[in-house]
Amino acid sequence: MGSRISLLFLLVAFCMPARGADAGFAAKAVDLLDRPGSQAKVVTKLAKRQPVQIIGRDGSWANAKSANATGWVRLADLRLSVVATKLPPPARPSPGGKDTGIRGFSEDELQVGAPNQAEGEKLRRLGVTARDAGIFARAANLKPRQQDYIQMREYMPEGGFPEGFFDE
Amino acid sequence: MSATRCIIVSLALSALVFGGCSQQQADAFMRNLNESGGVKQTLTNLREPTQAEEIEIGDGVAETLLGARPLLDDADLQRYVNAVGVWIAQQSERPDLPWHFGVNDSDHINAFATPGGYIIVTKGMMKQLRNEAELAGVLGHEVAHVTQKHHLKALRKSALVNLLSAGAAAATAESRHAELVQKLAGPTKELYARGLDKADEFEADRMGVVLTARAGYDPYGLPAVLTTLASADPKDNFLTLLTKTHPLPQVRLDRLAPGLATLDGIKAPQNAARFQQYTKKLHVASR
């Protein structure tokens, strides 16, 4: 579980806006490459738990600096040494009552709530046409791209799947 | 049909429906079969709903969920989320569904989809997002639930949808709709309290990042949201429901991380400025 949490914080770091280098370490013995991708050349080898500074991200690759070399390694093969700051919870407290499991509502709200046709009609009126959505996207310089869905066979990590991966 | 033949056909049907499912689910199916009028009615339930029927079921599910919490009164934000959502949905395999996106007035952190193309994000979730790529990631996950018909299949799998014939004798379209909504309320609450199968959630994550990428956004939006959720205390009152009905965010991320390698090399915008412009009021209102 500890390694999972570290991986999370690693991803947090890379999903956040750019900031200073983060201290991390290799989760296992792994090659440090001269560029992202499987065709890259090996700069050096990182030993398991070898410390690195994580100085950037390119897709799922991290730019990592060890004591004597700089290169690229997959995010999944690194862990952060420090624990990220916990994000603040929403400002207002719960309206009360215990939670039931219906997502986004409390049990009280669920039990007393009767179907609301007027709100349903309101939601239906909110629709935006595909044309208008396209104009809105292009206004923000969004360019659609061809991208295949991720297949499970592409999931195979180096060294195989961890124990329990397929326990659903 | 003789009683013996009826039992044989029933067992065969249960094997078809519940191949790979637990004994408990199979028992529940058989109980439902007996209570719902037997094989003939069950065959009706096994029929694939048409798209029109799926949309009609979605109307009812959405109205039930909106009965628990209404929409947030912020027309600009609602239009914005619709514009982003419809753009994401256009990248899916079902662009022609009547997609509707809304933000409800709930502080709980969540988002959910219904059959037929309704997607509701909570105000609490919107407040945790930092840019449009993250919103796109959340909406992409929910759009995938719709395109894969996860909720529709879950309703049918539980033999809860005795719905396709609902209101057949009703005098008007309005009374037919009212009967359908009434019949749906219980199964809807049961399904959304229980949550989908974990495999459906993992699939929606895998598809959500790709839909985000297809729409031209940084595909790391959804992983970023999952890391936000994973950083919060899972015992937080606003998150207990999410954690009860979903795999833990860190587990979802662990599943997703190797697959993200297929999105390497994509340089795409996050649109933080536009997102903050439309969500500014949310943060002002909470002070």
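This is a predicted model: local features need pLDDT of at least 70, side-chain atom pairs count only at pLDDT 80 or more; totals for chains, interfaces and linings use all residues.

Colleague: How many nonpolar, polar and charged residues does the contact of α3(A) with α4(B) have?

Modeller: Start with who meets whom. From α3(A) come A:Q117, A:E119, A:G120 and A:L123, and they meet B:D59, B:A62, B:E63 and B:L66 of α4(B). Divided by class, the residues of this contact are three nonpolar, two polar and three charged.

Colleague: Is α4(A) roughly parallel or roughly perpendicular to α5(B)?

Modeller: Look at the angle between helix α4 (residues 130–139) of chain A and helix α5 (residues 75–89) of chain B: it is about 100 degrees, and the axes lie 8 Å apart. Angles of 65 to 115 degrees count as roughly perpendicular. Therefore α4(A) is, relative to α5(B), roughly perpendicular.

Colleague: Which residues of α5(B) make the contact with α4(A)?

Modeller: On the α4(A) side, the contact is made by A:A130, A:D132, A:A133, A:G134, A:F136 and A:A137. By class, the contact of α4(A) with α5(B) has seven nonpolar, one polar and one charged residues. On the α5(B) side, the residues are B:A83, B:V86 and B:W87.

Colleague: Let's turn to the sheet in chain B. Why is one side of β1 and of β2 of chain B left without a neighbour in the sheet?

Modeller: The sheet is open, with three strands in the order β1-β3-β2 (chain B) and mixed pairing. Because β1 (100–104) and β2 (111–114) of chain B each have a single partner strand, one side of each has no neighbour in the sheet: they stand at the edges. From one strand to the next, the twist averages 20 degrees.

Colleague: Which residue is the bridge partner of B:N104 in β3(B)?

Modeller: β1(B) pairs with strand β3 (residues 118–122) of chain B in the parallel sense, over five bridges. In β3(B), the partner of B:N104 is B:T122.

Colleague: Which helix of chain B packs on the sheet?

Modeller: The helix in question touches β1, β2 and β3 of chain B. Its direction makes about 25 degrees with that of β2(B), and it covers residues 132–147: helix α7 of chain B.

Colleague: Which element of chain A has the lowest mean pLDDT?

Modeller: Chain A has a mean pLDDT of 72, and 55% of its residues reach 70 or more. Among its elements, α4(A) has the highest mean, 97. At the other end, with a mean of 48, is helix α1 (residues 2–15) of chain A.

Colleague: How many contacts beyond four places in sequence does the model have for residues 1–21 of chain B?

Modeller: Chain B averages a pLDDT of 79, and 72% of its residues score at least 70. Over residues 1–21 of chain B, however, the pLDDT stays under 50. For this stretch, the number of contacts beyond four places in sequence is 16.

Technical notes
Residues are numbered from 1 along each chain as its sequence is written. Chains are lettered from A and ligands numbered from 1 in the order in which they are written. Two strands pair if DSSP finds at least two bridges between them. Helices (H or I, at least four residues) and strands (E, at least two) are DSSP runs, numbered from the N terminus. Axes are lines fitted to C-alpha atoms, for helices over the stretch in contact, and angles run from 0 to 180 degrees between N-to-C directions. Two residues are in contact if their C-beta atoms, placed from the backbone, lie within 7 Å. pLDDT is the predictor's confidence in each residue, from 0 to 100. Angles under 35 degrees count as roughly parallel, over 145 as roughly antiparallel, 65 to 115 as roughly perpendicular and the rest as oblique. Ala, Val, Leu, Ile, Met, Phe, Trp, Tyr, Cys and Pro count as nonpolar, Asp, Glu, Lys and Arg as charged, and the others, Gly among them, as polar.
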